[in-house]
Amino acid sequence: MSRSRKDVNACDDGNARGGTCSKEVCSESSDYLNHDIAQLTKLRSGPHELLSRGVQGRRRLPVSTLKMLVGREGNYSGRGRFSSADGCHVLSRYLPVNGPWWVDRMESRAYVSQFSADGSLFVAGFQTSHIRIYNVDRAWKVQKDILAKSLRWTITDTTLSPDQRFLVYASLSPVVHIVNVGSASTESVANITEIHDGLDFITEDDDDNEDEVGIFSVKFSTDGRELVAASNNNSIYVYDLETKRPSLRIPAHKVLQFNVTPTHISVWDRRCFVTKGKAAGVLMGHLEGITFIDSHVDGRYFISNGKDQTTKLWDIRKMSSNAKYTPRLRDPSWDYRWMDYPNHARTLKHPRDQSLATYKGHSVLRTLIRCYFSPAYSTGQKYIYTGSSDGSLYIYDLVSGAQVATCHHHESPVRDCSWHPFYPMIITSSWDGVIARWEFPGSNEEPSQWEPNQRRPYF
């Protein structure tokens, strides 16, 4: 599909080029989410009440940037400066939806991509064994070009260590590999130009066949001493990097923090695992399998993307002690990988739905689409955003549930996306091989366009 056709509604150009969202889009007058997190979001992204004085009858609409600046210069709040919430209120109005500009294009599907914690690096993993680390502060120069070892099917996940010295990558194998990304060499070919040490999550005590075990997700612990990985053998592994061996396995859909099953999420407390050996509780609400989970900065809330074509918001304190079986309400032969979701199933609701809110509009088909909270620093996490199998990026208001922006450009599913932790910038990564950059206000160069005669990526 040509870009001209795809961009008919690309980010709603009237809003995107102007840089701010319309009053209708930005209105916070909805009571869609009547919960503590609504008040928490307001505290972290709302202006000081004295900065909004004089706006009678419109207190629930965003205060203009000009009025915020006048209030600051007039010291209306008595602080002489913006608080972090004031700053979030201003910054969150300017959504990064201009563009896109291509960061890179590979002849392979892009599966995973994320900014580093400080936003200086960006990591993208592709199906053809390639992982590229871009230096954001140096005009997106490729800092490390990694050719992965022993890849099965695709790069399923990557994670940077907290000190950003090491990268771990996983595929559909029980062995993940660790690379020193701080070395001087740009090119890193596994065990040819650099060593990619293998970390095996299967121990001699495991009964599983190594050929049947694959890692779908892997993350460093916050102290950088452990890796946590989820596998397709219904297990979560904890790997100790000092002893170079797995220190814990939680089998049969048991999870250290959150675990996904076809219809519910199990919550585990590692402190109680040895003594109790069972989940602390479960959360029900999705009708289909869950593709991704992202945690709120306070640790009490999280969101999940589901194959029932929804994103749901959860409060971990609302969990039940056990899960009750819910029968499938649609055709059991349905497969998200190559079939559209049945229309009648879109209106179905879990009879024991414990979620706080449900967000609809995007599509979770073909692949395991990921979703996230927007950054705490610049937005107060007032938005959630997700890729979509229709090749678009969707941004929702957490509290009102409104779809505040959609960015259309890609010709294949957007599997992953990442909002810069500090700047108004989002990167979308798609199966069309394109890593695209969306910004506010954007650069002076023309956005990237599809070239009709350009050779299509091979898969």
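## Around helix 6 and beyond

The buried residues of helix 6 are covered by, among others, helix 4, helix 5 (65–73) and helix 8 (376–379). Keep in mind that this is a predicted model, where local features need pLDDT of at least 70 and side-chain atom pairs count only at pLDDT 80 or more, while totals for chains, interfaces and linings use all residues. Residues are numbered from 1 along each chain as its sequence is written, and side-chain values use heavy atoms, with hydrogens and water left out.

Let's stay with helix 6 for a moment. Six of its eight residues are buried, so helix 6 is largely enclosed by the rest of the structure. Here, buried means under 20% relative accessible area, exposed means over 50%, and partly exposed is in between (1.4 Å probe, protein chains only). The buried ones are Ala85, Asp86, Gly87, Cys88, His89 and Val90.

How do helix 4 and helix 6 pack? Helix 4 (residues 36–45) meets helix 6 (residues 84–91) at an angle of about 90°, and their axes are 6 Å apart. The axes are lines fitted to C-alpha atoms, for helices over the stretch in contact, and angles run from 0 to 180 degrees between N-to-C directions. That angle makes helix 4 roughly perpendicular to helix 6 (the word covers 65 to 115 degrees; under 35 is roughly parallel, over 145 roughly antiparallel, and the rest oblique). On the helix 4 side, the contact (heavy atoms within 4.5 Å) involves Leu43, Arg44 and Ser45, and on the helix 6 side Ser84, Ala85, Cys88 and His89.

Now zoom out. The chain has eight helices and 28 strands, which are DSSP runs numbered from the N terminus (helices are H or I with at least four residues, strands are E with at least two). Of the 459 residues in the chain, 57% are buried.

Four of the strands form an open antiparallel sheet in the order 6-7-8-10. Strand 6 (157–160) and strand 10 (197–200) are at the edges with a single partner strand each, so one side of each has no neighbour in the sheet. On average, neighbouring strands here are turned by 25° against each other, direction ignored. Strands count as paired if DSSP finds at least two bridges between them; strand 6 and strand 7 (residues 166–170) pair in the antiparallel sense over four bridges. Within that region, Leu160 has Leu167 of strand 7 as its bridge partner.

A search of the whole structure finds 13 salt bridges, each being a side-chain nitrogen of Lys or Arg within 4 Å of a carboxyl oxygen of Asp or Glu. Here are some of them:

| Salt bridge | Closest N to O distance |
|---|---|
| Lys219 and Asp157 | 3.0 Å |
| Arg437 and Glu439 | 2.5 Å |

Lys219 is in strand 11 (residues 215–220) and Asp157 in strand 6, so this pair ties together parts that are 62 residues apart in sequence. Lys219 is partly exposed at 36% relative accessibility, whereas Asp157 is buried at 2%. In the second pair, Asp335 is buried with a relative accessible area of 16%, and Arg337 is partly exposed at 44%. What about Arg437 and Glu439: buried or exposed? Both Arg437 and Glu439 are buried. Finally, salt bridges with shared partners join Asp157, Lys219, Arg370 and Asp416 into one network.
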